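Welcome! Please keep the 3D view open as you read.

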Amino acid sequence: MLRAAGVGAGDEVVVPAFGNVEVAEAVTLTGALPVFADIDPVTYCLDADAVEAAVTSRTAAVVAVHRFGRRADIGRLHALGQRHGLLVLEQGESEAPYDEIAQRRQRAAYLDAKLKGVRTPDGGAGHTYQQYVVRVPGNGRPDRDAFARALRARGVECRVPVKTPVHRLPEFRRYVSLPETEAAADETLALPVDAALTKREMHRVVSACNALGGLLQPAF
């Protein structure tokens, strides 16, 4: 899509650093330069104000990535694109069947009500909970990673959604200030919320998290 729009050498494309490297790689394949902008700490998608701050005379496009079942603020990004004459592209997530989304929302509501010691996600309108991503409060990765190891030892599957932001990878290293991106990479943890989870398994998730949560500083 970038190539079809004429994006190429000498152009810049604003992309998120919180997420998969494939978006930045796609930009480089056109000959353009990926420019990283910070995320909204609630949706984990590009923050429109941060995108606007990253726009230069060379900016040709913005790639917004929808994350964890939350959508980027496409309305604001399109308005920004119109003001600056930029192409705005979206990368979505695979859509789950409606019944599965409804069950994920039910499980997410249960976790929202029961979890302590972690910061639960802001559901917001239209959240489909492709992943149920919490924040583990603490002083950085050792806290979140230790928390994850302890959960796994208790039989709870969990994963770190973004281990290293793209702007910190060797091939894309940029000395830019992306505080929300780096905080999210240090603190986020995806807990199971699949439609197939039983009540017993959901209770195990809550019990394990709450048993560990008291060892951490308060989430709020």
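How much space lies in the largest pocket? The answer is about 270 Å³. Please keep in mind that this is a predicted model.

**Pockets and a cavity**

Let us stay with the largest pocket for a moment. Its lining is made of 18 residues, and Glu157, Leu191, Pro192, Val193 and Asp194 are the ones that lie nearest its centre. Strand E6 and helix H7 each supply at least two lining residues, and H7 gives the largest share, with three residues.

The second largest pocket has a lining of 13 residues, with Met1, Leu2, Ala26, Val63 and Leu89 nearest its centre. Here helix H1 and strand E4 each supply at least two residues of the lining, and the largest share, five residues, comes from H1.

| Space | Volume | Lining by class |
|---|---|---|
| Largest pocket | about 270 Å³ | nine nonpolar, three polar, six charged residues |
| Second largest pocket | about 220 Å³ | eight nonpolar, two polar, three charged residues |
| Largest cavity | about 60 Å³ | five nonpolar, two polar, three charged residues |

**The open sheet**

Next, look for the strands. Four of them form an open sheet in the order E2-E1-E3-E4, with parallel pairing. Strand E2 (33-37) and strand E4 (87-91) stand at the edges with a single partner strand each, so one side of each has no neighbour in the sheet. On average, neighbouring strands of this sheet are turned by 25° against each other, direction ignored.

Is E3 mostly covered or mostly open? It is mostly covered, as seven of its seven residues are buried. Strand E1 (residues 12-16) pairs with E3 (residues 59-65) in the parallel sense over three bridges. Valine 13 stands opposite alanine 61 in E3, and valine 14 has valine 62 of E3 as its bridge partner. E3 also pairs with E4 in the parallel sense, over five bridges; in E4, glutamate 90 is the bridge partner of alanine 64.

In soluble globular proteins, nonpolar side chains tend to be buried together. In this model the largest nonpolar core has 25 residues, and Leu115, Tyr132, Phe147, Leu151, Leu189 and Leu191 have the most contacts inside it. Two or more residues each come from helix H4 (98-114), strand E5 (132-135), helix H5 (141-153), strand E6 (188-191) and helix H7 (199-213). H7 provides the largest share, six residues. A second, separate core has 19 residues, among them Ala17, Ala24, Ala60 and Ala61.

**A stop at glutamate 25**

To finish, find glutamate 25 in helix H1 (residues 22-29). Why does glutamate 25 count as partly exposed? Its relative accessible area is 34%, and that class applies because it covers values between the 20% limit for buried and the 50% limit for exposed. The C-alpha atoms of glutamate 25 and glutamate 171 are separated by 9.6 Å, while the two residues are 146 residues apart along the chain.

Methods: Residues are numbered from 1 along each chain as its sequence is written. This is a predicted model: local features need pLDDT of at least 70, side-chain atom pairs count only at pLDDT 80 or more; totals for chains, interfaces and linings use all residues. Side-chain values use heavy atoms; hydrogens and water are left out. A nonpolar core is a set of buried Ala, Val, Leu, Ile, Met, Phe, Trp, Tyr and Cys residues joined through side-chain atoms within 4.5 Å. Buried means under 20% relative accessible area, exposed over 50%, partly exposed in between (1.4 Å probe, protein chains only). Helices (H or I, at least four residues) and strands (E, at least two) are DSSP runs, numbered from the N terminus. On a 1 Å grid over the protein atoms alone, a cavity is a set of points where a 1.4 Å probe fits but cannot get out, and a pocket is an open set with protein on both sides within 12 Å along at least five of seven lines; lining residues have an atom within 4 Å of a point. Grid points are joined across faces, edges and corners, and a volume is the space filled by probe spheres set on the points. Ala, Val, Leu, Ile, Met, Phe, Trp, Tyr, Cys and Pro count as nonpolar, Asp, Glu, Lys and Arg as charged, and the others, Gly among them, as polar. Two strands pair if DSSP finds at least two bridges between them. Axes are lines fitted to C-alpha atoms, for helices over the stretch in contact, and angles run from 0 to 180 degrees between N-to-C directions.
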